[in-house]
Amino acid sequence: MPKRTHKWKKLPSSVSLPHRAFVLKLRELREVSDRTQAEIAQDVYLAATSLSNHLNGGRIPETEHVEKLYKILRDEAAATSRAMPCSLPLLLELRAKTLVKHCGCCPVGSPGATVADSDAQPTAAGPPAPKHVRRRPRRPRRPRVRLSPRHRGIPRAPAQAEVPVPLREGDRHLNTPADAAWPEIRTLAESLSAGRSRDADIMMWSAATTLSARDVQIFVAQCRAAGLGKAADQVITNAARRDAQAVLNIASALHTSEQYADAGLLLAAAAQGEQA
């Protein structure tokens, strides 16, 4: 029997990168079964709408439901000789990262937090707890990014000479909003500096393959501003693997923001992928 494929909804832009990585892995896991989601949800003791909500970036499922879902789909995969897309420990690790909170004002799934925040419970009446004083971290060394073999073969566009450009219609403004300094960029830099290449790869792949064209442009621009040039190149290389229309939309966003070298790198990577 041929394997059934599903058409998934696009995840909302409000879903954090760790949550996106977890949902994408859940979707890969669900593809193992040819049964309907209602039938699978019944075995997991979930409503069909609840399972659909988990698979579309809504509420994060409980650990027991994740374990039950994995066991059921693993048994089905063994019966049909299909390979599982991941292990249960990896799936639970991705789920744990979605529950990390940065601070009281950030939503669940915000990068750069401690796991202890997700388990915090209200305390009984009494004197307020002392505020935690954050020490300024030492300036990290410049992170090293591993480039895929495909990226090494893509020539960079030659740098253009800087030519004075006359102002048009008053003062010119940057096309990338000043308030677009996403916390994901800091988390990416910390992961690279700490040698957590696996976490960094997940973040770069998720940003390149799930974000909108405008958000990919902002992510790349913020990487460049933070000194993560190689990480920006890797995101662009990953984005080149998307469908042709998505690649054109991202290239247009980069060109509109005057990131001409990045737009050229994206199109060159996409062309190389078509020839491969």
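Student: Which side chain of opposite charge is nearest to Arg95, and how far away is it?
Tutor: Keep in mind that this is a predicted model. Arg95 sits in helix α5, residues 88-98. Arg95 is buried and has no salt bridge. A salt bridge needs the charged atoms within 4 Å. The nearest side chain of opposite charge is Glu62, at 4.2 Å.

Student: With which side chain does the side chain of Arg95 make a polar contact?
Tutor: Leave aside neighbours within four places in sequence. Arg95 is then in contact with Phe22, Ile60, Pro61, Glu62, Thr63 and Val66. The polar contact, at 3.1 Å, is with the side chain of Thr63.

Student: How many residues does the largest nonpolar core have?
Tutor: Residues with the most contacts inside this core include Leu188, Phe219 and Cys223. Elements giving two or more residues to the core include α7 (183-193) and α12 (260-275). Another core lies apart from it, with Leu26 and Leu94 among its 19 residues. The largest core has 32 residues.

Student: Where is Tyr45, and is Tyr45 buried or exposed?
Tutor: Tyr45 has a positive phi of about 65 degrees, although it is not a glycine. Tyr45 lies in the loop between α2 (37-43) and α3 (48-55). Its relative accessible area is 67%, so Tyr45 counts as exposed.

Student: What is the relative accessibility of Glu258?
Tutor: Glu258 is not a glycine either, yet has a positive phi of about 65 degrees. Glu258 is placed in the loop between α11 and α12. Glu258 counts as partly exposed because its relative accessibility is 37%.

Notes:
Residues numbered from 1 in each chain as written. Predicted model: local features only at pLDDT ≥ 70, side-chain atom pairs only at ≥ 80, totals over all residues. Heavy atoms only, no water. Helix = DSSP H or I, 4+ residues; strand = E, 2+ residues; numbered from the N terminus. Buried < 20%, exposed > 50% of the residue type's maximum accessible area, 1.4 Å probe, protein only. Lys, Arg positive; Asp, Glu negative; His and termini not counted. Polar contact = N/O pair within 3.5 Å; in protein donor to acceptor, adjacent residues only side chain to side chain. Contact = heavy atoms within 4.5 Å. Core = buried A, V, L, I, M, F, W, Y, C linked by side-chain atoms within 4.5 Å.
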